[in-house]
Amino acid sequence: MDPSAPGNDCKNKFCIDNLIAARKSLKLSLEKSKTLGLALEKAGPRIEEINQRLPSLEAAVRPIRADKDALAAVGGHILTELNDLPGYLSVLKRLEEALRFLGDNCGLAIQWLEDIIEYLEDNRVADGRYLSNLKTSLKGLRELQNDGEIIHLDGGLLDAALDQLENEFRRLLTEHSVPLPMSSPSLGEQACIAPSPLPVTVIQKLQAILGRLIANNRLEKCITIYVEVRSSNVRASLKALDLDYLEISVSEFNDVQSIEGYIGQWGKHLEFAVKHLLEAEFKLCNDVFERIGLDVWMGCFAKIAAQAGILAFLQLFGGAACIEIQNLTRDLIKRVIDGAAEIFWEIFVQVELQRQIPPPQDGSIPKLVCFITEYCNKLLGDEYKPILTQVLVIHQSWKHKKFQEMILVNEVLKIIKAVDLNLETWVKAYGDATLSYLFAMNSHWHLYKHLKGTKIGELMGDTWLKDHEQYKEYYSADFVRESWGKLPGHLSREGLILFSGGRATARDLVKKRLKTFNEAFDEMYKKQSGWVISERDLREKTCQLIVQAILPVYRSYMQTYGPLVEQDASSSKYAKYTVQGLEQMLLSLFLPRRERYGSFKGRTTGSKIDNGVDLRRTASAVV
């Protein structure tokens, strides 16, 4: 047959097209296989982790294997009393882990199944029924993933378990919430005050239950239960006080004198409610919800106070009959607002005035600086910032000025910058260079240490904080080098090598140099004994730097040349300090006055200097 015939050309072209298509298909299949292989390689560690967790999760997963209807039926029969709360919580946590494990791996299963179906469809290596079954499974997994609800996995078992925990939370609160018994309506000495609202063990159980319920987004339900039970308890306690007079309207009184008796009673009752009821509830809210946050437990307390009926105490002074009380209260509020605002605006002025005052003569941080940094940190804290902001808003409105959102923050930043400028000014005010180095080291470390990790530190920025840390290191090195670092220079070995000038000459040189060293040491120690490094960590580090600068040189010098002077009748004048005594003296430097104790004086030595080495033997070896 002629290969060039027209029919043959068509067949050849068809074969080539098929080959090209097959090659493309094979290439795509190889690329997908490669991609799938990489995905499997990446998933390997995770699969290994899952494999290790499977034995511990199997027991928790086992109930899920039951039919959905069976699980739903079991839900209502979970134990109504938790005799073993820790065990119950442990099993519940494992159930959550099992469900989370199944939910987390839906995505991986979907990805693998999609790749398999695509490959089978592209290469036509499976029949339609098999592909249909795979697609049905894929659809079910997608629905489960999109729904995001684990109820499809456990048939409602987890919800039933969490409901039981809520019941236990309510039961613990209810059984231990008992109204305060009062045998005297006038709150005399017979009034019985409960020492503690809830036992510690009960609080611990409540916190444990809260942990699991919060992990399952049930915090609001816990708060509702808590407020309901505790406010009901406070109401019951208040009911025993016979507060019916609070319901009397002001119009029923003829004049102010007619309500004086009720005012006295009101004062006693309000004091009792605040001291013995609300204060206890305030503490309890903190104890139970402290791990969750300030806003939560403060919110709980506010709701309890409101629902318990404490607001009724504040409705007594209404109407024209109480106009004087209203005026006095209004005047008191105005004076508080004015005073708080005035103090706040005065801080910056006082900081600037302090700049003209000489710095502390002991090199310590001025008390005003310590107070200002701590005070400003509190002003920006969650506890004080909302209150001060409200004060400034009211104060500005009285002056017909618009309150600016950043006014509080900007003023605090201005104060801190003024403090920073004060410290820079004071560093230059010292006549003694080494004392100025110590003050600068103190100042920069104080700002870095006390503002890092605070609201002010965040506002000033990392660069500002790091600059202060680096300046501290710089001045620390200058301080040691320009003071204690000069002392080892007095212990020169020049002319003492092998006693080249004779033993007597060597002895005279050693005496002279030890005397010079001792005089320089005594002078510097006396001078700096009154200086202070307030921060313990900085003080200990500085003392260690001084010890490292002096002791190794002194120890070596005394080990080598000490025997030359120890036989002298006046050896105590030259071998004045032991190595240990010298170290103790240096480590006792820079203590605040309240921490100081008797100075460590180096003891005079006899024929041997107590540094752990026989000096006669050492000197003989040198000779």
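A residue is called buried here when its relative accessible area is under 20%, exposed when it is over 50%, and partly exposed in between, using a 1.4 Å probe and protein chains only. By that rule, buried residues make up 39% of the 623 residues in the chain. The model is predicted, so local features need pLDDT of at least 70 and side-chain atom pairs count only at pLDDT 80 or more, while totals for chains, interfaces and linings use all residues. Residues are numbered from 1 along each chain as its sequence is written, and side-chain values use heavy atoms, with hydrogens and water left out.

**Overall picture**

The chain has 24 helices and zero strands; both are DSSP runs numbered from the N terminus, with at least four residues (H or I) for a helix and at least two (E) for a strand. Taking contact to mean heavy atoms within 4.5 Å, residues 24 or more positions apart account for 80% of the chain's contacts with a separation of 6 or more. Tyr-561 gives an example of parts brought together: its C-alpha atom is 7.0 Å from that of Val-510, 51 residues away along the chain. Tyr-561 belongs to helix H20 (residues 536-561) and is buried, at 3% relative accessible area.

**Salt bridges**

Side chains of opposite charge can pair when their charged atoms come close. A salt bridge here is a side-chain nitrogen of Lys or Arg within 4 Å of a carboxyl oxygen of Asp or Glu, and the count comes to 23. Three of them are set out below.

| Pair | N to O distance | Relative accessible area |
|---|---|---|
| Glu-166 and Arg-218 | 3.0 Å | Glu-166 6%, Arg-218 14% |
| Asp-338 and Lys-334 | 2.8 Å | Asp-338 23%, Lys-334 41% |
| Arg-536 and Glu-540 | 2.9 Å | Arg-536 57%, Glu-540 43% |

The bridge between Glu-166 and Arg-218 links distant parts of the chain, with Glu-166 in helix H7 (residues 157-175) and Arg-218, 52 residues apart from it, in the loop between helix H8 (200-215) and helix H9 (219-239). Glu-166 is buried, and Arg-218 is buried too. Both belong to a network of salt bridges that also takes in Asp-159, Asp-163 and Lys-221.

The other two pairs are local. Asp-338 and Lys-334 are separated by about one helical turn because they sit four residues apart in helix H12 (residues 323-354). Arg-536 and Glu-540 are likewise four residues apart, about one turn, in helix H20. Arg-536 counts as exposed, whereas Glu-540 is partly exposed.

**Surface and interior**

By the Shrake-Rupley method with a 1.4 Å probe, where only the protein chains shown count as cover for residues, the chain exposes about 36,300 Å², with carbon and sulfur atoms supplying 55% of it. On that surface, Phe-282, Leu-294 and Met-298 form a nonpolar patch with about 230 Å² of accessible area together. Patch residues have over 30% relative accessible area and no salt bridge; nonpolar side chains (Val, Leu, Ile, Met, Phe, Trp, Tyr) are joined within 5 Å, and like charges within 9 Å. Phe-282 lies in helix H10 (residues 260-289) and is partly exposed, at 34%.
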